[in-house]
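Biologist: Hi! Could you walk me through the model you have open?
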Amino acid sequence: MGVEGCTKCIKYMLFFFNFIFWLAGGVILGVALWLRHDPKTSNLLELELDGAHAPSTFYISVHILIAVGAVMMVVGFLGCYGAIQESQCLLGTFFACLVILFACEVAAGIWGFMHKDTVSKEMINYYDSVYEKAVTQSIITEPERTQAAAAVLKVFHETLDCCGKGQGTSMLTKLTDALGLTDICPSSGTSVDCHKRIDELFTDKIYLIGIAALVVAVIMIFEMIFSMVLCCGIRNSPVY
């Protein structure tokens with residue numbers, strides 16, 4: 001025999017929440033891997049010009065998410081097994097792991113909120129430097145360097161379906177393309193500026209990460225409460 005009454009109900013509720021937690025870890029791991037290998041972000045973040053790489057802040061965040069998803073799956077399994085086996089040791093270990101994860105998530109959330117615009121700003125600055133190099137080198141005709149800068153800029157434009165830093169530069173770049181001086185605007189002929197596209201791309205992904213983190217935090221709070229109640233119930237049970 002094991003725990004009885006309300007404690008037994010809490011045992012199965014804890015198992016259910018741990019199963020959801022385990023699934024959430026799998027979802028976060030899957031989303032992080034998708035963000036890591038998404039063609040749009042991969043094409044942009046793997047660019048290099050004159051030894052300068054695109055900002056890696058976004059990839060650092062994604063790699064942290066991959067680690068968090070994997071740890072959540074392990075901790076979720078530990079909680080499920082501890083609840084079914086009614087093991088105080090496993091439940092205590094599970095609670096300690098949850099506290100550490102929750103503290104890390106809160107710290108990461110605060111840091112992410114304070115730096116939510118950093119990724120897009122860094123990428124916009126990198127785009128601006130590439131754009132200026134490509135246009136300047138085209139004017140002063142440096143064939144090798146012009147081709148390298150134009151190739152990087154072309155990846156930006158084709159990937160995001162945009163052209164130029166703003167409406168004015170978009171029209172200017174389309175004009176130089178038409179005159180045969182450059183070949184950097186996308187084949188679609190769009191005039192949407194790339195600052196807007198970059199901001200939309202990374203802002204949308206950061207909000208997706210934030211929503212996932214909020215859902216997981218709520219689940220973790222319930223799990224910490226249920227694990228302590230169950231642990232106390234096991235300790236006070238006459239069977240043990």
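We chat about aromatic rings and then about a backbone angle.

Modeller: Happy to! This is a predicted model, where local features need pLDDT of at least 70, side-chain atom pairs count only at pLDDT 80 or more, and totals for chains, interfaces and linings use all residues. Residues are numbered from 1 along each chain as its sequence is written, and side-chain values use heavy atoms, with hydrogens and water left out.

Biologist: How many aromatic pairs does the structure hold?

Modeller: Seven. Rings of Phe, Tyr and Trp (its six-membered ring) pair if their centres lie within 6.5 Å; planes under 30 degrees apart are stacked, over 60 edge-to-face, and the rest tilted. Phenylalanine 19 and tryptophan 22 are a stacked pair, 6.1 Å centre to centre with 20° between the planes.

Biologist: Where do phenylalanine 19 and tryptophan 22 lie?

Modeller: Both are in helix α1 (residues 5-37), three residues apart, about one turn of the helix. Helices here are DSSP runs (H or I, at least four residues), numbered from the N terminus.

Biologist: And why is the pair of phenylalanine 222 and phenylalanine 226 called tilted?

Modeller: Because their planes are at 35°, with the ring centres 6.3 Å apart.

Biologist: Is phenylalanine 226 buried or exposed?

Modeller: Buried, at 12% relative accessibility. Buried means under 20% relative accessible area, exposed over 50%, and partly exposed in between (1.4 Å probe, protein chains only). Phenylalanine 222 is partly exposed at 39%.

Biologist: New topic: what is phi of aspartate 161 near?

Modeller: Near 55°, a positive value in a residue other than glycine. Most residues other than glycine have a negative phi. Aspartate 161 lies in the loop between α6 (143-160) and α7 (167-178).

Definitions and conventions
Helices (H or I, at least four residues) and strands (E, at least two) are DSSP runs, numbered from the N terminus.
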